[in-house]
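Here is a friendly briefing to read alongside the model. Please have your viewer open and follow the topics in turn.

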Amino acid sequence: MTYIGKPIKRIEDDRFLKGLGKYTDDIKLPGMTYAYILRSPYAHAKINGIDIAAAKAHPGVLAVYVGSDIPEAVAGVPCGWQVNFKNGDIMKEPPHPLLVRTKVRHVGDGVAMIIAEDRATAKDAADLIDVDYDVLDAVVDPQKATAAGAPLVHDDVPNNIAFDWELGNPKEEVAAALASAAHVTELSFVNQKVIPNAIEPRAAIGIHDAAYDKYTLYTSTQNPHLIRLLMCAFVLGLPEHKVRVVGPDVGGGFGSKIFHYTEEALVIWASKKIGRPIKWTAERSESFMTDAHGRDHVTTAKMGFDADGKIVALQSNTYAGMGAYLSSFAPAVPTYLHGTLLQGLYTTPKINVDVTATFTNTTAVDAYRGAGRPEATYLLERLIDLAALEMKVDPAALRRKNFIPAFDGVEQEGYVTQVALQYDSGNYHPVLDKALEMVGYEDFRKEQAAAAANGKLMGIGFSTYIEACGIAPSAVVGALGARAGLFESAQVQVQPTGKVTVYTGSHSHGQGHETTFAQVVADKMGIPMEDVEIVHGDSDSVAFGMGTYGSRSLAVGGSAIVKSIEKVLEKGAKIAAHLLESSPEDLEYAEGKWTVKGTDKSVAFGDVSLTAYVPHNYPEGLEPGMDFSSFYDPANFTYPFGCHIAIVEIDPETGKVDLKRFIAVDDVGNVINPMIVDGQIHGGLAQGIGQALFEEAMYDETGQLINGSYMDYTMPRADDLPSFEVDRTVTPCPHNPLGVKGAGEAGCIGSTPAVVNAVIDALWKGGHEVKDIRMPMTPERVWTAMQG
Amino acid sequence: MGHSITLTVNGTSVTKEVEARELLVHFVRDHLSLTGTHIGCDTSSCGACTILVDGKATKSCTMLAVQADGSTIMTIEGLASNGELHPIQEGFKENHGLQCGFCTPGMVMTAVDLLQRNPNPTEHEIREGLEGNYCRCTGYHNIVKSIQHAATKMNT
């Protein structure tokens, strides 16, 4: 092993650092035209008519399309995950049209597409379109949406309820356990709607090649093959083999680029009609209005404890906003990615989770970094920290008392939860121990007490989280409503000279697959990293793929690569045995050569690969070539975990929260590239902290997004954050060949409640016994809370 | 209606016709095909379009192309010399100061200006100096380290 476990510098960096990255909007083709989407300025309105005559006549305009131009058969973009009502009825799944025909349902809903010779002309022409709207009352709150008389987002969806859902132990059992508990902590809170805000705005280019009647879609996506499948089979009815989808360099995703968006289908549909390539690139304000948002939960939860501090029961009731339409995987987020995580790291014997998903006149919600697990973690970690304050016990000790004992998933069985999962492996005390040591816990408490005596407000907040990555296996997720498989594919193509091209169905948009995957391949094959090329993101190169989300790439995609490497080496051994006049069982493979055990007779990998393609002296009956594909469908999810600690200081005069330190000890299983894993954690922390302190999609009562720009929506900037203190423990995943769990979302999952808990702790220590401050914890909100 | 402008771009003199309303960033990307300069917002908030105009870090979406007539600009494509990374680019590579790479050109060009003005910045000064640039991937931790790395290298 020469590469795995080392902080190898990234292969992809040179092109990005030299400005040679190729993002979708960087692609310029002969005859390129430009699309602009005219969007609704209203959250809820009937369209009486659209006058496009002036726009069509504007010089430089090639076409203007409205909803009625889209064929009736094209209902819109589909939802890929079905959740049924408690009574067994199928969820309400109203169509999400490519362009609205009759009623707009959120600010930003697409009304017309203008295609012109250049961007500015398309935008000029959009100003000439006259849409006659009848503005309707809007509903924006996920809970208020269910109230009698609330405006209906979809006329045929009563009470705006998309579905309701329940998991865990019977409610009566949980209620009985809570009734007999020595202490019950109850908390009602909002996990606010936030906006992912990848810095690259979404973009799509549609191309129709008349010579072959073939389409190409370039799109800023996390999963090109899935977009192809959804668009071909469920939207436009195109033959899949006549459509190529490319996700080139993609400037961040964080979930928001998983989903199939209307603009992708629009540019493909229109490209054949006008016979020229069409590029659409979102302006930032469009990204705010149309990229899928995250979170949006309104929750009431109760956690009961016995006299000894052991958790006896948890009841959670949540209204989950879906926005105006069901986005690609939205129904899975508050259910199978949230309710199933409410065991946390604790031995809670009775858990019931109840979710009502509702439509609102806001942008659709879907998976955003963590997708359901941040909401679950926030719920659990806020409750247990608040319980510690209420019961006047140490929050670290209270957690420790409730931790599930260690299990490795090999000698000890995986832990079976009350909410449908079996954890793979876990060892929870060491992450807490390490984090406490890093923070200097005892000293901090002394410092905090001294500060309080001087009128200064310092606080410490904990979060000990578990999450679930690499959602799988396909049959299980299918039974839970997924309308897709969740495996991954990989092709390992050995060239005659021994160079290796690996085609992975995973997609990198910042995660560094070109480096991490090459480390795995080089080590497993015993060849230099320079001899390995990782190819991803193009459906014409990569046979199939499920893409990158849910921290799955290495655990699922990496495992598929390992499977293909095993096939390569197995075949290689047969060829080597022939060349060495030995048998495969008598050979061992190391450092790029096969050696007859106990001898110095060997043959190099490159000689074997050359023989495979020049099979003159070759084993009888063996096919030429050295090129293997594999599909890997995992046995289970993986379950990373960790402990995050925030230390804050609050200005008592203004309520401003200053995040002084942030400690994160994460266990993501085995680590291939520690530099990249740390980077993933850092980025996740910033987003999680951003939700706690800065970020919220703010709608007024008319459904207007009132902070839909970077001038108004606050994300953390460099001077809002401290340098992070990160470390890890390693508990390997027992069921995949690399022992890896996934690191992409952990930082975002654990950090938010740690920051909020720290603020609440500071206020309690200062004599303000506040249960909750609504996120983001702006100075105004903190100051108000301190006024009693 | 075109206006002829002449400016020096990455060491080469360029003369082009532009529309009066055309932003410098569109000129750089669309007319010069220098697509390393990115557009991340429409409010001059994200800094992805930062280039050097007469040596100063400038958000190229805040200037019209005609305003750049006669000036000297450098984009990310002009920073490496003979294929060798500039110390700031090297700092980013050595310290994993980039992930998706989209904000990176703007970050690097901002850092060039920052270290010109202050060759020995403290961590706090670096963080303040990056206030005009959003990064959504790195949490800024490694960007700060990258610039510290570059400062050390450029001072020795």
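pLDDT is the predictor's confidence in each residue, on a scale from 0 to 100. For chain B the mean pLDDT is 97, with 99% of its residues at 70 or more. The complex as a whole receives an ipTM of 0.98 and a pTM of 0.97 from the predictor. This is a predicted model, in which local features need pLDDT of at least 70, side-chain atom pairs count only at pLDDT 80 or more, and totals for chains, interfaces and linings use all residues. Residues are numbered from 1 along each chain as its sequence is written, while chains are lettered from A and ligands numbered from 1 in the order in which they are written.

**Where the two chains meet**

- The interface brings 43 residues of chain A into contact with 42 residues of chain B; a contact means that the C-beta atoms of two residues, placed from the backbone, lie within 7 Å.
- On the chain A side, α1 (13-17), α7 (284-290) and α16 (674-693) each give two or more residues; helices (H or I, at least four residues) and strands (E, at least two) are DSSP runs, numbered from the N terminus.
- The biggest contributor on this side of chain A is α16(A), with 7 residues.
- By class, the chain A side has 19 nonpolar, 13 polar and 11 charged residues; here Ala, Val, Leu, Ile, Met, Phe, Trp, Tyr, Cys and Pro count as nonpolar, Asp, Glu, Lys and Arg as charged, and the others, Gly among them, as polar.

**Domains of chain B**

- Chain B splits into domain 1 (3-78) and domain 2 (87-154), with bounds that come from an automatic or database domain assignment.
- Taken over C-alpha atoms, the centres of these two domains of chain B are separated by 21 Å.
- Their contact involves 14 residues from domain 1 of chain B and 12 residues from domain 2 of chain B.
- On the domain 1 side, β3 (50-53) and β4 (56-59) of chain B each supply at least two residues, and β3(B) gives the most, with 3 residues.
- That side of domain 1 of chain B holds 7 nonpolar, 6 polar and 1 charged residues.

**Domains of chain A**

- Chain A is divided into domain 1 (13-136 + 200-251 + 257-290), domain 2 (294-471 + 636-786) and domain 3 (487-632).
- Domain 1 of chain A and domain 3 of chain A have C-alpha centres 39 Å apart, and their contact takes 14 residues from domain 1 and 13 residues from domain 3.
- Two or more residues of the domain 1 side come from each of α5 (224-236) and β11 (243-246) of chain A, with the largest share, 4 residues, from α5(A).

- How much of strand β9 (residues 203-209) of chain A is buried? For β9(A), 6 of its 7 residues are buried, where buried means that 20 or more other C-beta atoms lie within 10 Å of a residue's own, with C-beta atoms placed from the backbone.
- β9(A) runs antiparallel to strand β10 (residues 214-219) of chain A, joined by 6 bridges; two strands pair if DSSP finds at least two bridges between them.
- These two strands make a hairpin with 4 residues between them, and Asp213(A) in the turn has a positive phi of about 45°.
- β9(A) also pairs antiparallel with strand β12 (residues 278-281) of chain A, over 4 bridges.
- Gly206(A) takes part in both pairings: Leu217(A) stands opposite Gly206(A) in β10(A), and Ile278(A) is the bridge partner of Gly206(A) in β12(A).

**The β16-β24-β25-β26 sheet of chain A**

- This open sheet has 4 strands in the order β16-β24-β25-β26, with mixed pairing.
- β16 (457-466) and β26 (725-728) of chain A are the edge strands, each with a single partner strand, so one side of each has no neighbour in the sheet.
- β16(A) and strand β24 (residues 641-650) of chain A are antiparallel over 10 bridges, and Ile460(A) has Ile647(A) as its bridge partner in β24(A).
- Helix α10 (residues 429-439) of chain A packs on the sheet, touching β16, β24, β25 (657-667) and β26 of chain A, with its direction at about 30° to that of β24(A); axes are lines fitted to C-alpha atoms, for helices over the stretch in contact, and angles run from 0 to 180 degrees between N-to-C directions.
- Helix α17 (residues 746-765) of chain A packs on the sheet too, touching β16, β24 and β25 of chain A, and its direction makes about 145° with that of β16(A).

Definitions and conventions. Buried ≥ 20, exposed ≤ 12 C-beta atoms within 10 Å, placed from the backbone.
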